[in-house]
Amino acid sequence: MATEQDILQGLGKIINEITGIPAAEVTPEKSFVDDLDIDSLSMVEIAVAAQDEFGVEIPDDQLKNLKTVKDVLTFIQN
Amino acid sequence: MSANRVRVVVTGLGATTPVGGDVASSWSALLAGQSGVRTLTEDWIDTVPVTFAGTAAVDPTEVLPRPESRRLDRSEQFAMVAAREAWQDAGAPEVAPERLGVVVSSGIGGINTTLSAYDTYKERGWNRLSPFTVPMLMPNGPAAWIGLDRGAQAGVHATVSACASGAEAIGYAMDMIRAGRADVVIAGGTEAAIHGLNVAAFAAARAMSTRNDEPQRASRPWDRDRDGFVLGEGAGILVLESEEHARARDARIYAYASGVGYSADSHHITQPEPEGRGIIMAMTQALTDAGITGQDVKHVNAHATSTPAGDVIEVQAVAKAIGTHPLVTSTKSMTGHLLGGAGGIESVFTVKALQERIVPATINLDNVDDGIEVDLVHGAHRALPAGDIAAVNNSFGFGGHNVTVVFKGA
C-alpha cells in the first residue's frame, strides 16, 4: 500500500509531465482550478495517467468532485 | 492583373526537415549536397518492402516543452517548431489579431495519433484515450494550434490536396492578403507520416523506392535508375505579409510572393496526365497571376519526386510553359518527399535561392533520363543572375492537384 507521500510524489510527477507545473508546487491544499490553473481537459489527462499509475478507476462523476490535491490523495487511498 | 493590387511579400522563414532542424542548417546541408535519408529501425520495418526514410534531423520533442509535445501529434509538433522560427525570423510582427491568419496544411493529418489511439481504444478502452486525441488527429490541427499560439483571428485554414497541400496553403494565404482579409498570414505545410501503414500503402501503390541497400542514393529525380519516391517528414512555414504592412514596420523582405496557379488533371487518381496539360495550366496561370513571362523565371524548384512516371512529364511541361532556360532542381533528392510538407519546405528553399542567388544541386543524378531539355542543376550548385528575377515552386498531389507558386526577388 502506497503511503500518502508516495502518492503525492507520483501525482506531482504526473501533473508536471502534463502541465509543466513544478512537482514541488503540487501540495495537498492546492485547488486544481484556482491555484494550479488546470482546466477540465487537463484534469481528464491527469485522471487517465493517475488511473494507470495507481491502478484505481476514477469515474467522470467522481472526477468533478476532486477539487484539491488532497481530494485526489484521499480518493486514491480509499 | 490590376496595377494597384495588394502585393504580398515574404518576411519570415521557418523549417524543420530531414537535413536540418531550422532554415539555416537545412539550407547549408542542401548546398553541401547532404542526404537526410536514413535506414529505419522501427519494429514494423520487417513487415514492409522499404526500410528507409528521411527522418527529421532534429526530433521536435527535443525542442518543444514536454507538456506541449504530449498534446500535439508529430505533424503538429513540426508545424509549431517551424512556425515559431518563421515568426521570430519575421521580427515577431505586431499585428491586430483580426488581421492575422494561418493557412497550414498536411496531406495525411495526424495519422500516427489515429493509429496509436485506435490501438489504445481497442486494447485498453475509450477512457484511456487522451482528451486531446481529436485535435491531434484532425488535419486542421497544425493550423489551429499555430493560430492559438499567435492569437490569429482573421481565419485559420487547412487546404488539403495530398502532396500539393503545402503549396496550396501558401497560395490560399496569398489570396487572403490580396483579398484584404488579412495583413499577415502564417502559411505552409507539415507532415509526419513515417509509419508502417503509410509505407505499406505507398508501397502497395508501387510509388516508393525500394533501394534498401543504398538509402541515401534512393531519391534520384530524373535519373535513369530512379525507382520511386522516398518518404520524408518535417515542416516548412513562411510568414506572408502585405507589402504595405511590411514596409510600414520596416521589415526585412526576402521576396515577393507574386503569383499562384491551380489546376486539376481530372485524368487519373494517382497517375500523372502524360502530356502534362494540368501542370502547364497551373504554371501558365501562375505566371499570368504574377504579371511575368517565362523569360523572367530563372529557377524552378520542381515537384520531381523520383518516380518513373512523373519526373520527366514535369520538366517537359516546364519547357513548354516557361522555357528550357531556368535552372531546375529537386531538393527532394536530399530531403525525400514530405508529402503535404513538400510545398512548405520547397517554397522556403525557393525563397532562399532567390535571396542568396544560388540553386542547390540535385544529388544522385548520375545519368539524366531521355527527353529532358531543361537545364538541370546537378554535380554542383549554380549561381542565379542578379537583377529582377523570379523563381517557381511546383507541387502536385494524388488526386490530380497541381499548384505553382511564383516568387520574385526583392
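The report below covers the domains, their contact and the sheet.

## Basis

This is a predicted model: local features need pLDDT of at least 70, side-chain atom pairs count only at pLDDT 80 or more, and totals for chains, interfaces and linings use all residues. Residues are numbered from 1 along each chain as its sequence is written, while chains are lettered from A and ligands numbered from 1 in the order in which they are written.

## Domains and their contact

Chain B has domain 1 (8–248) and domain 2 (260–409), with bounds from an automatic or database domain assignment. Their C-alpha centres lie 20 Å apart. Domain 1 of chain B gives 60 residues to the contact and domain 2 of chain B gives 56. Contact here means C-beta atoms, placed from the backbone, within 7 Å.

On the domain 1 side, the elements giving two or more residues include α1 (23–31), α7 (165–178) and β6 (184–191) of chain B. Helices (H or I, at least four residues) and strands (E, at least two) are DSSP runs, numbered from the N terminus. α7(B) gives the most, with seven residues.

## The sheet

An open, mixed sheet of 11 strands runs β5-β4-β6-β7-β1-β8-β15-β14-β9-β10-β12 in chain B. Strands pair if DSSP finds at least two bridges between them. β5 (156–157) and β12 (375–376) of chain B are the edges; each has a single partner strand, so one side of each lacks a neighbour in the sheet.

β1(B) and β8 (residues 255–264) of chain B run antiparallel, joined by two bridges. B:Val10 has B:Ala255 as its bridge partner in β8(B).

Definitions and conventions
Contact = placed C-beta atoms within 7 Å.
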